[in-house]
Amino acid sequence: MELNRQWWKEGIVYQIYPRSFQDTTGNGIGDLQGIIKRLDYIKSLGVNIIWLNPVYESPNDDNGYDISDYREIMKEFGTMADFDELLSGMKDRGLKLVMDLVVNHSSDEHQWFKESRKSRENTYRDYYHWWPAEKGTPPKRWSFFDVESNAWKFDEKTNSYYLHYFSVKQPDLKWENPKLREEIYDLMRFWFEKGVDGFRMDVIPFISKDICFPKLPEKYNGDFIPFYANGPKLHDYLQEMNQKVLCDYDIMTVGEAPGVSIDQALNFVNEDRKELNMFFHFDLMGLDREPGETFMMRKEPWKLTEFKKIHSDWDAALANKGWGSMYLNNHDFPRSVSRWGNDSKTHWYNSATMLQTFLLTMRGTPYIYYGEEIGMTNIKFENLSDYKDINTINRAETIRQNGGDLDAFIQNEKDAGRDNARTPMQWDTSTNSGFSTEKPWLKINENFSEGINVASQEADKNSVLNYFREIVQLRKDHLALVYGEYELLLPENEQVYIYTRSLEQQRYLILLSFSKERALIHLENFVGTNAKLLLSNDDAVSMVKDGNFKVRPYHAMVYKLF
Ligand code: GLC
């Protein structure tokens, strides 16, 4: 097999939500100096790429995903000098930096939009999607963060509606306008010239729309992405962006791709097409959700066979062309150990380390979300007033206005709410977990005082944190764990996920339990095979040679086969 080796395939990404990482100014909000302070820690994890959620100037309607100046740093986070210091501190340590590129929409406080809404003749008018009121009410478009779920907002000044797929303060940019596209390519160059190493592209399939805005079909079932995103020009734009900007730099790109199905995957990441390196698909994120719903939990529990199928199908789709990205949580979805594992005291350690083992032994670049390395869990707020996320707040308001079931929604948010994954980093057992000297912008999970913090885990050689370092090192030491073929064993088993990874003569067996029950597994194919246990998160007494495996709850074992 010919390996198309790339640094971004062999890299391990650490995602930082800057607002929650480390405060150094005492305003309860994380900042760039805080990240600088923690660079040695990040380096010590063995990861080598940092993805920063947006740090640009923003009124923070959606925590930085509403950008009012793409070339300035958010005041709460610091200055451009802090940014430069961060970048150079990272370079010194051999860490690469990936920024968030949010260009489906800007903030309504961006200069472009301020101009655009002034008059129909304004030079910037065509930077956004406007619908003149004399044409009547625009065809229904659904909006994520709008209390009335209406993506069209009437703007009196010019007697027109503007489009916003997200909040009213996030008007959608009109990619059909070549001038707008040039502005975006320019701002990308600005950051590349500074030395950043790539972009994570926010809701990238949304940038192209059918701008005739056809009426939704009769049978419209709420699954709006096929109608609103993935528009006719999407791949033209991505190829143009590649030709005009990306191909000039040694950088990586990863698109956030809600609504992109597996059969469309190669249209984005097949290297021959010169578009993106990787993207985040949403199949796993949708597994425990109602069909077509990003944020509503489904009634019946998810099954391990479904989980395996998603990963096996995606691995196969990208086995020969393109490249995958592996993630179990991020700033939009709850904590992995609470969602895919078991965060009860009994099973927390094994669950957290088992999931780390999974991420780091699959093909595809692993993305670790800050705090995942110490097994941070969902906070599960009891009160709506604890939430800061516009998504939860506005959906609660919609339910209130429609006389819906708020209690059911509160329960739902305990499992689905985005703030579960945004609570401050748990550094130590001091006040506010060492995150800030003052009250943090979002409540801290109290379990920081019960061992889920960096300092306590540094001191314990058997901690989740130290296991993470070991599994990271294992991946780095074994090229087969990066590039090797993946083969699923026992696809029908609902307790354990077992696969091999093979590259030339190198072969590894990975056995992961997703169950709180013990199991005895027999693998006939391995009878007589010699094996060495490389890593396990629990007592591993199994002899591969007999083909028999004693599996403990949430057990993870990695064997090298001979
Ligand atoms: C993406 C971001 C999310 C944000 C949304 C709108 O999904 O990850 O946090 O709210 O886009 O920009």
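User: How many nonpolar, polar and charged residues does the lining of the largest cavity have by class?

Analyst: This is a predicted model, in which local features need pLDDT of at least 70 and side-chain atom pairs count only at pLDDT 80 or more, while totals for chains, interfaces and linings use all residues. Residues are numbered from 1 along each chain as its sequence is written, and side-chain values use heavy atoms, with hydrogens and water left out. A cavity is a set of points on a 1 Å grid over the protein atoms alone where a 1.4 Å probe fits but cannot get out, and its lining residues have an atom within 4 Å of a point. Ala, Val, Leu, Ile, Met, Phe, Trp, Tyr, Cys and Pro count as nonpolar, Asp, Glu, Lys and Arg as charged, and the others, Gly among them, as polar, which gives 9 nonpolar, 5 polar and 2 charged residues.

User: Which element gives the most to the lining of the largest cavity?

Analyst: The largest cavity is lined by 16 residues, with W314, D315, L318, G324 and S325 nearest its centre. Elements giving two or more residues to this lining are β11 (278-280), β12 (325-326) and α10 (304-317), where helices (H or I, at least four residues) and strands (E, at least two) are DSSP runs numbered from the N terminus. The most, 3 residues, comes from α10.

User: How far from an oxygen atom of the ligand does a polar side-chain atom of D332 lie?

Analyst: D332 is among the residues that come nearest to the ligand, of the 14 around it, a residue being near if one of its heavy atoms lies within 4 Å. For a polar side-chain atom of D332, the distance to a ligand oxygen atom is 2.5 Å.

Technical notes
Polar contact = N/O pair within 3.5 Å; in protein donor to acceptor, adjacent residues only side chain to side chain. 1 Å grid on protein atoms, 1.4 Å probe; cavity = no way out; pocket = protein on both sides within 12 Å on 5 of 7 lines; lining within 4 Å.
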